[in-house]
Amino acid sequence: MKILITGGAGYIGSHVVKALGQLGYDITVFDNLSTGHREAVTYGDLVVGDLSDKAKLDELFKTRKFEAVLHFAGSIVVPDSVSDPLGYYLNNTVNSHFLLSLCQKYGVNQFIFSSTAAVYGMPGDGVCREDSPLAPINPYGQSKLMTEHMLKDLSFASNFRYVALRYFNVSGADPEGRIGQSFPKATHLIKVASETACGKREKMDIFGTDYATPDGTCVRDYIHVTDLADAHVKALEYLAKGGKSEVLNCGYGHGFSVKEVIARVKEITGVSFTVVEGPRRPGDPASLTAKADRIQQVIGWKPKYDDLNVIIKSAYEWEKKRPF
Ligand SMILES: NC(=O)c1ccc[n+]([C@@H]2O[C@H](COP(=O)([O-])OP(=O)(O)OC[C@H]3O[C@@H](n4cnc5c(N)ncnc54)[C@H](O)[C@@H]3O)[C@@H](O)[C@H]2O)c1
Ligand SMILES: O=c1ccn([C@@H]2O[C@H](COP(=O)(O)OP(=O)(O)O[C@H]3O[C@H](CO)[C@@H](O)[C@H](O)[C@H]3O)[C@@H](O)[C@H]2O)c(=O)[nH]1
């Protein structure tokens with residue numbers, strides 16, 4: 001099967017490229033390398049280009065005759081979206097619109113989209129079901145939700161089918177150690193804590209200790225990137241078999257607070273680094289955990305790494321030897 005993977009040189013995309021490459025898919029990665037890395041693309045062809053380059057992308061669709069698209073490319077940092085909302089709408093919404101118009105033009109009817117738990121905003125009890133109200137509290141979540149709307153409307157108007165996967169907090173690294181998270185100026189909690197444990201940072205901050213959560217710090221549902229990659233394999237197989245359009249949460253269904261995660265990183269690494277309790281970060285909801293059973297029922301996904309220790313160990317091992 002010939003597939004296009006946008007953002008395949010990035011953290012999550014590269015893990016999916018590896019999983020699909022091992023299964024023999026014919027992969028083209030399209031990535032501008034703004035946060036991705038050439039070395040992270042372990043299978044297929046890498047075409048370096050920007051999603052806004054309409055001529056280049058059109059030519060790629062014309063010549064390569066894709067049967068499915070997996071769309072990871074985008075801007076991902078919640079606080080940056082608060083300071084640069086238009087940049088986020090441009091990269092996440094406008095560029096997705098153009099990609100979808102090419103799918104329509106060239107009859108590519110199977111699409112997998114990287115959506116996010118941020119579309120839920122601030123759910124009352126912190127638990128997000130796929131049919132919970134959608135009320136993002138930051139431009140990042142809003143920009144992704146707008147793409148979900150386009151997908152739904154396009155599927156109503158044609159034979160286009162999609163799976164939108166709403167990822168919770170993706171973390172960890174390939175257990176074989178070939179790839180991992182290499183985001184420049186990382187903001188993700190487990191990544192930042194791993195960097196601090198490795199001595200790459202002098203200290204780290206806790207953003208907010210006055211949330212309405214058991215210990216006052218934010219709670220998130222951390223999912224291992226290799227499990228998430230497998231969810232994409234299953235979603236692609238599901239669409240190939242004729243499955244109807246779906247929106248599915250990707251999480252384990254239980255959360256950890258910022259303080260719990262940091263304590264676990266210290267315990268696992270044996271490094272007692274400095275942690276500074278500071279003010280809240282803009283755009284952060286108090287608590288986000290997935291209602292996580294639907295994805296297992298619909299596409300038959302079974303998580304293998306639902307263990308915070310395993311997630312942290314793999315992130316730390318990657319950080320220690322990180323080649324790129
Ligand atoms: N990391 C998470 O916890 C998380 C959670 C929910 C959703 N997501 C979504 O998953 C997707 C992948 O995230 P990630 O963590 O791998 O981030 P990442 O930054 O590592 O990957 C994004 C990739 O897209 C590329 N890219 C960005 N804009 C582009 C453009 N205009 N044209 C071509 N390439 C472009 C980057 O170079 C990078 O390789 C994103 O859409 C993100 O919103 C991530
Ligand atoms: O140095 C740090 C980094 C993070 N945090 C806190 O840790 C929690 C998790 O933050 P982070 O790892 O940055 O993830 P989120 O902001 O929850 O966002 C991630 O998870 C979302 C889904 O839940 C995705 O949509 C986003 O793309 C992805 O960046 C938040 O409360 C942060 O305030 C700290 O206290 N200190």
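1. The structure is a predicted model, in which local features need pLDDT of at least 70 and side-chain atom pairs count only at pLDDT 80 or more, while totals for chains, interfaces and linings use all residues. Residues are numbered from 1 along each chain as its sequence is written, and chains are lettered from A and ligands numbered from 1 in the order in which they are written.

2. The chain is assigned domain 1 (2-171 + 223-250) and domain 2 (189-220 + 253-291 + 304-321), with bounds from an automatic or database domain assignment. Between their C-alpha centres lie 26 Å. In domain 1, 21 residues are in contact with 19 residues of domain 2, contact meaning C-beta atoms, placed from the backbone, within 7 Å. On the domain 1 side, α3 (78-83) gives the most, with 4 residues; helices (H or I, at least four residues) and strands (E, at least two) are DSSP runs, numbered from the N terminus.

3. Around ligand 1 there are 26 residues, of which G7, G10, Y11, G36 and G74 come nearest; a residue counts as near if its C-beta atom, placed from the backbone, lies within 6 Å. The largest contribution to this shell is that of α1 (11-22), with 3 residues.

4. The shell around ligand 2 has 21 residues, with T116, A117, L189, F207 and C218 nearest.

Methods:
Two residues are in contact if their C-beta atoms, placed from the backbone, lie within 7 Å.
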